[in-house]
Each structure stands twice: as structure tokens, then as C-alpha cells.
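Could you walk me through this structure, one selection at a time? I have it open in a viewer and would like to know what to click on next.

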Amino acid sequence: MPRLVVAAPASGSGKTTVATGLMAALARRGLAVSPHKVGPDYIDPGYHTLATGRAGRNLDAYMCGPELVGPLFLHGARGCDIAVVEGVMGLYDGAAGQGELASTAQVAKLLRAPVVLVVDASSQSRSVAALVHGFVSWDPEVRVGGVILNKVASDRHEALLRQALESVGVPVLGVLRRAPQVDTPSRHLGLVPVAERRGAAVEAVAAMGAQVEAGCDLEALVALARGAGTLSCAAWDAAGAVAAAPSVPDPAPGAAGPGHGSPVRVAVAGGSAFTFSYAEHAELLTAAGAEVVPFDPLRDEELPEGTRGLVVGGGFPEVYAAELSANEPLRKAVGDLARAGAPVAAECAGLLYLCRELDGKPMCGVLEASARMSGRLTLGYRDAVAVTDSVLAGAGERMRGHEFHRTVVEPGAGTAPAWGLRGPERRLEGFVQDNVHASYVHTHWAAAPGAARRFVERCRAS
């Protein structure tokens, strides 16, 4: 599988623009492009999906473990001609205090993929050579195969940059000028998701593709991708992962194993307010025997008919609090489902939706907790241990996750907490209430396929 990693010395250098534009430009040439993103980010993959027509997938060595990076990559890249992996932060930045773990550099090494370094050249000329030399020589196992110079001011500026880089021996594979039309709006948690600005996002992605096509040597980039090393691992498979996962202890009499019997209907929240999800979650639920049915809490006044379980992932309910609150019939349906004992799994935005209120506006009232916007950003990887048996994990099971929010829930944990967080963030967090599991911690079920199997088996038993 030809592949390359688009990285940068630091956040804000333009790697999302270059990676998304490269995906779009290659797709426009008739190639089937597999899009990937290093780290836990949910928003950039939405733009990747627009560019390629394929689900954007995450490669996270912290949440899933280094051993799953290659298999998950090959799973997402099935049937494609080339893969483009967008990095996270700076090339060598990873999980805080844990060396290279979860860094773009680590993922590039695990994938044996060449790296294209995107450099913001707006405030430098000859110094660019020192910067690139440092990144090239820092880790000999990371192969930096070329540089794309971004935010170049003029032809004269470009000439100075190229002249400086001649001494480094790394080819310049592209030069991009400033282009306001490719900018994407941001707010408190980063870029505005595609689902909230569909038309404008389509135009922005098209502009990114045109800019990369005009300013980059696509043939050289494809040739670089074809020089990636061989991967010896097998592609990840949702059905195999679920089959190998442990079953729920003491299942209900007659409860079927994964994929046996008629599917149980699991409703999954989507729409503009709930845009955060990993593609593998739906695949795992399906493999475990669920019929996954999406619904939009902003528009639908009823849950899908026959719903036996509910998954409400992350997103921006704080932006849509008034609209979510106004949909009283659906709020009541969610509350009734939870109180009837149906399994409910809620992460971050889903946690807020299940609270009594959000910024003073009534929500579903499943949890005796209130939520509000906060000026403080809570961000980082989490090492979590299940405190209470739940629809996702047995007490004592360990799972790695990620928090990313500017809201506060009070209290922060119920009488039966979901997780005990280890390390610097040591605290109890989340709620387990009957068959409801609600928490701020985002998890990646590819690392814990038993969560999907356990959830679906609980749906069958409820």
C-alpha cells in the first residue's frame, strides 16, 4: 500500500490543509485514497472524508496500543490505491511525559512510511535549513522524504528558501502561498465540524485540493509513497476482534453470542450536535450482532422503532443546547428508555445530554447532575480503570482514553463512578446507573472489543 505521513514541526503549520488538499488532489486524479489521522482527533477526519469519499480513520498508539496501528491502518486502506496519514501536533510530540508514544514519528515508524514535513515559512528564510536539518537528524528511524513550504510570501522568498534547503539534501516537494479561501473556521475545541458547515466545507476542501495540485509535485509525492516499506501484519477485522473478546459474565438465559440470532437495534446519535465517533465502533457493534441505526437528536422526535440500546458519543451539545432542549419528545423518549433498563453508553457530549440541565436548559434528566460551559480546557490522554460493573466493562478492567472539553459536570462522578483515573489526573469520574454508562472519557473500542460485545449482549438481555 503506497503511503505517506504529512507532519509538521508544530501545530498551526498547515498540515491539515496540505493533508486534506493532497487527499482531494489525488482523488481528483482517479485514485482511491485512504484517509487517516494520528491521534484522537474527530474533526479533521470529517474533512478527510469529504476529500476522499471514504471514512476518515484514526491511528492512536496510546488508546489502541502500538501493536494495533498497522492492522487498523490496513483495515482502513483495504481496496485503496494510496494512503495519506495526517499527523498530530509537532512530528515528535506525543503523550505527555511518555517519550515518543502516540507521536506522529512513532506512527510513521510503525507504518514504515515516509514523512512529508510541512513548514510554515512565513517568518523565516535561511533559518528554514536549520529547522529542517534538526527534524531530519533527530531520529534516524524517521525518514523525512521531502518538505512542503507553506505560507510563502513571494517568488523571491521561495528562492531564498530553496537555496537554503539545498544544503540539507531534502527535496522541496511543494510551495504554497497564503490562500484565505482554504481557511476553515475554528471555535473553542478547534475546527468547526463538517456536519455544521457542509456547503462551505465542500468548497474549502475543493480549494485545498486545487492549491495542493497547483503548488505541489504530485508525481514526486506518489513516488515517495510507493517507496514505503513492507508491512508484515494482517489487517484488523471487527468480526474476529469481537469473537475473541470475552462474553458478559452470567448472560441472560438464552442470550446469543456475537452475530447469532436476529440483530438487536442500537440507536446511535448523530447530526450536527453529535459528530464525534470512530468508524470502528459501528463496525464492532454490527459484528457483535447489532443493527446500528443513526438518529439526529436535533431533528428526530422519536428514537428509531424497536431501539434496544443507545449510544450517544461526543460533539457539541453546548452549541445546540437550546435546540436539544426544545426537542422535548425525544428527551422524554431517551429518559424513558434509560429508566426502562435499556443499555445506554454516553461519552462527553452524550454525558451532557443525559444530565438534568446544560447551561440552565433542560436535558434528558437521566442523571442527577448539571452541566455548564467553562473557561477551562480539559485535555489529555487518560489511563482509566472501571470502578463499577457496567454495560461496557467489568470492575477492574483497564482502558485508555482521552478527554477534550470546555464544560463541567457537577457532581463529576456518581455514587457508582464509571472510571478511576490514574496518574496525574487521579480522580473518580463518570456515572454508572442501572444500565447507563456516562463519562467524559472518549475510548476507542478497537482496543477493547469486549465493550461492543458486552453492550450488545446486555441489549439482548434487557
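Begin by selecting Arg 29, which is partly exposed because its relative accessible area is 44%. Keep in mind on this tour that the model is predicted.

Side chains of opposite charge can pair when their charged atoms come close.

Select Asp 44 and Lys 37. Their side chains meet in a salt bridge, at 3.2 Å from N to O. Are these two residues buried or exposed? Asp 44 is buried, with a relative accessible area of 6%, and Lys 37 is buried too, with a relative accessible area of 4%. The cut-off for buried is under 20%.

Next, pick Asp 120 and Lys 151. Here the closest N and O atoms of the salt bridge are 3.8 Å apart. The pair links distant parts of the chain, 31 residues apart: Asp 120 belongs to strand E5 (residues 115-120) and Lys 151 to strand E6 (residues 144-152). Asp 120 is partly exposed, with a relative accessible area of 23%, and Lys 151 is partly exposed at 25%.

## Backbone details

Stay with Lys 151 for a moment and look at its backbone. Although Lys 151 is not a glycine, its phi is positive, at about 60°.

You will find Ala 102 in the loop between strand E4 (82-86) and helix H4 (104-111). Ala 102 counts as buried because its relative accessibility is 3%.

Which two residues are joined by a cis peptide bond? Select Glu 410 and Pro 411: the bond between them is cis, with omega about -5°. Pro 411 sits in the loop between E17 and strand E18 (419-421).

## Polar contacts

Move on to Arg 57, in strand E3 (residues 57-59). Arg 57 is buried, with a relative accessible area of 10%. Show the side chain of Glu 283 as well, and you will see a polar contact of 2.7 Å joining it to the side chain of Arg 57.

Now go to helix H7 (residues 198-215) and select Gln 211. At 14% relative accessibility, Gln 211 counts as buried. A polar atom of the Gln 211 side chain lies 2.8 Å from the backbone oxygen of Arg 177.

## Out to the surface

For a surface view, select Asp 300, Glu 301, Glu 302 and Glu 305 together: they form a negative surface patch. Glu 301 belongs to the loop between strand E11 (290-295) and strand E12 (309-312). Glu 301 counts as exposed because its relative accessibility is 51%, and the cut-off for exposed is over 50%.

Ser 11 is another exposed residue, at 53% relative accessibility. Look for Ser 11 in the loop between strand E1 (3-7) and helix H1 (15-28).

Ala 243, in helix H9 (residues 238-244), is exposed with a relative accessible area of 52%.

Finally, draw a few lines from C-alpha to C-alpha.

- Ser 11 to Ala 51: 40 residues apart in sequence, 21 Å apart in space.
- Ala 243 to Leu 131: 112 residues apart in sequence, 48 Å apart in space.
- Val 391 to Ala 342: 49 residues apart along the chain, with 9.8 Å between the C-alpha atoms.

End the tour on Val 391, in the loop between strand E16 (370-386) and strand E17 (398-410). Val 391 is buried, with a relative accessible area of 1%.

Technical notes:
Residues are numbered from 1 along each chain as its sequence is written. This is a predicted model: local features need pLDDT of at least 70, side-chain atom pairs count only at pLDDT 80 or more; totals for chains, interfaces and linings use all residues. Side-chain values use heavy atoms; hydrogens and water are left out. Patches are made of residues with over 30% relative accessible area and no salt bridge: like charges are joined within 9 Å, nonpolar side chains (Val, Leu, Ile, Met, Phe, Trp, Tyr) within 5 Å. Accessible areas come from the Shrake-Rupley method with a 1.4 Å probe; for residues, only the protein chains shown count as cover. A salt bridge is a side-chain nitrogen of Lys or Arg within 4 Å of a carboxyl oxygen of Asp or Glu. Lys and Arg count as positive and Asp and Glu as negative; His and the chain ends are not counted. The place of a charge is taken as NZ of Lys, CZ of Arg, CG of Asp or CD of Glu. Helices (H or I, at least four residues) and strands (E, at least two) are DSSP runs, numbered from the N terminus. Buried means under 20% relative accessible area, exposed over 50%, partly exposed in between (1.4 Å probe, protein chains only). A polar contact is a pair of N or O atoms within 3.5 Å; within protein, one must be able to donate a hydrogen and the other to accept it, and residues adjacent in sequence count only if both atoms are side-chain atoms.
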